[in-house]
Amino acid sequence: ATETNILAIESSCDETAAAIVSDGTRVRANIIASQIAVHRRFGGVVPEIASRHHMENIVPVVSEALATAGLAFSDVDAVAVTYGPGLVGALLVGVAYAKSLAYALGKPLIGVHHLLGHIYAGFLAYPDLPLPAVSLVVSGGHTNLVYLEDHTTRRILGSTRDDAAGEAFDKVARVLGLPYPGGPELEKLAREGDPRAIPFPRAWLEEKSLDFSFSGLKSAVINYLHHARQVGQEVNRADVAASFQAAVAEVLVTKTLLAATSYRARSILLAGGVAANSVLRRELRSAGEQAGLPVFFPPRELCTDNAAMIGCAAYYQYLRRDFAPLSLNAIPDLPL
Ligand code: KG4
Ligand code: ZN
């Protein structure tokens with residue numbers, strides 16, 4: 001049999017992305033038009049501007065993906081697209097384009113959940129990752145512990161009650177005067193700091209709770225900086241960054257291990273933009289090792305938003321003929 005080529009499109013936030021993934025594992029093209037430079041001067045993503053840039057970028061990004069893969073439209077077996085969650089105007093550009101293309105080519109359309117895409121970035125790199133697994137999905141908009149029984153059955157074990165982990169990184173980075181998006185910048189600054197310098201609070205919530213809360217930690221950092229300014233005390237920004245990062249990582253790692261052991265998972269999968277963070281990767285891997293659990297994480301460039309992860313998730317949907325009707329709509333708050 002020949003390969004199954006999926007053309008995947010992702011436009012849920014500020015990246016217009018297209019990829020060609022063959023048989024769910026081979027990334028033949030992974031093109032991303034980033035709008036970071038456009039939104040940076042606003043300190044965050046401006047939805048209306050994002051939509052407009054998606055409209056400009058979608059056609060060239062898809063053409064470039066096909067050219068990179070050395071394929072023509074006629075080689076495409078299915079068109080996959082992120083249809084939620086995300087910014088509705090941004091999602092709509094990808095969804096409308098994917099629907100038209102699937103219709104014109106007479107090929108099936110596959111609607112993919114954005115967070116499932118993040119999770120499948122792990123299966124792209126490790127298709128034989130042992131299941132059941134517990135996945136920690138940490139992005140700019142979400143923080144979830146997800147139990148993955150097999151490729152069709154999953155359950156959310158815990159979620160954030162307020163800010164997402166990436167959102168906390170971005171907000172703390174902003175008060176430290178770092179540019180958007182703050183996560184990677186804060187990680188860089190933290191390298192020169194002492195993670196034990198400031199004892200920021202860890203929100204454990206109720207005993208055994210698998211939920212998260214990061215707004216208290218964010219406020220603690222803001223109060224710390226505010227207090228220092230009032231009493232005229234000099235602040236070591238690198239220490240603040242390192243101590244904040246340590247607090248986030250400790251809570252994420254502890255609760256992920258609790259979830260994995262309570263649910264008898266055979267592996268742990270880290271996913272989402274914050275999964276690019278080296279401290280989180282290192283701490284989770286070492287905690288997993290101590291518990292005898294293998295920890296997997298996608299290569300860094302597949303952690304943040306991209307279309308290859310959407311193409312991989314779509315492949316498993318393709319295998320079970322989980323196709324979307326051409327009436328597929330963007331759903332900004334799509335549940336997992
Ligand atoms: O998954 P993603 O690309 O987009 C969403 O679906 O939200 O995640 C983006 C988030 C941002 O909050 C960004 O600051 C964070 O991931 N992030 C990081 C790192 N790289 C990206 N946070 C901490 N350390 C990093 N190295
Ligand atoms: Zn994302």
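Predicted model: local features only at pLDDT ≥ 70, side-chain atom pairs only at ≥ 80, totals over all residues.
Close-up 1. Leaving aside neighbours within four places in sequence, Asp 305 is in contact with Glu 10, Cys 13, Glu 15, Ala 17 and Gly 273 (contact: C-beta atoms, placed from the backbone, within 7 Å). Asp 305 sits in the loop between β10 (295–296) and α10; helices (H or I, at least four residues) and strands (E, at least two) are DSSP runs, numbered from the N terminus. Asp 305 is buried, as 27 other C-beta atoms lie within 10 Å (buried: 20 or more such atoms; exposed: 12 or fewer; partly exposed: in between). Residues are numbered from 1 along each chain as its sequence is written. Local features need pLDDT of at least 70 and side-chain atom pairs pLDDT 80 or more, while totals for chains, interfaces and linings use all residues.

**Close-up 2. The annotated binding site.** UniProt (unreviewed entry) places a "binding site" at His 114, His 118 and Asp 305; such annotations may be inferred rather than shown by experiment. These residues span 192 residues in sequence, yet no two of their C-alpha atoms are more than 8.9 Å apart, so they gather at one spot. His 118 lies in helix α4 and is buried, with 31 other C-beta atoms within 10 Å.

**Close-up 3. The five-stranded sheet.** Here is an open sheet with mixed pairing and the order β3-β2-β1-β4-β5 (strands pair if DSSP finds at least two bridges between them). β3 (26–34) and β5 (109–113) stand at the edges, each with a single partner strand, so one side of each has no neighbour in the sheet. Antiparallel strands β1 (residues 5–10) and β2 (residues 15–22) are joined by six bridges, with Leu 7 opposite Ile 20.

Methods. Chains lettered and ligands numbered in written order. Contact = placed C-beta atoms within 7 Å.
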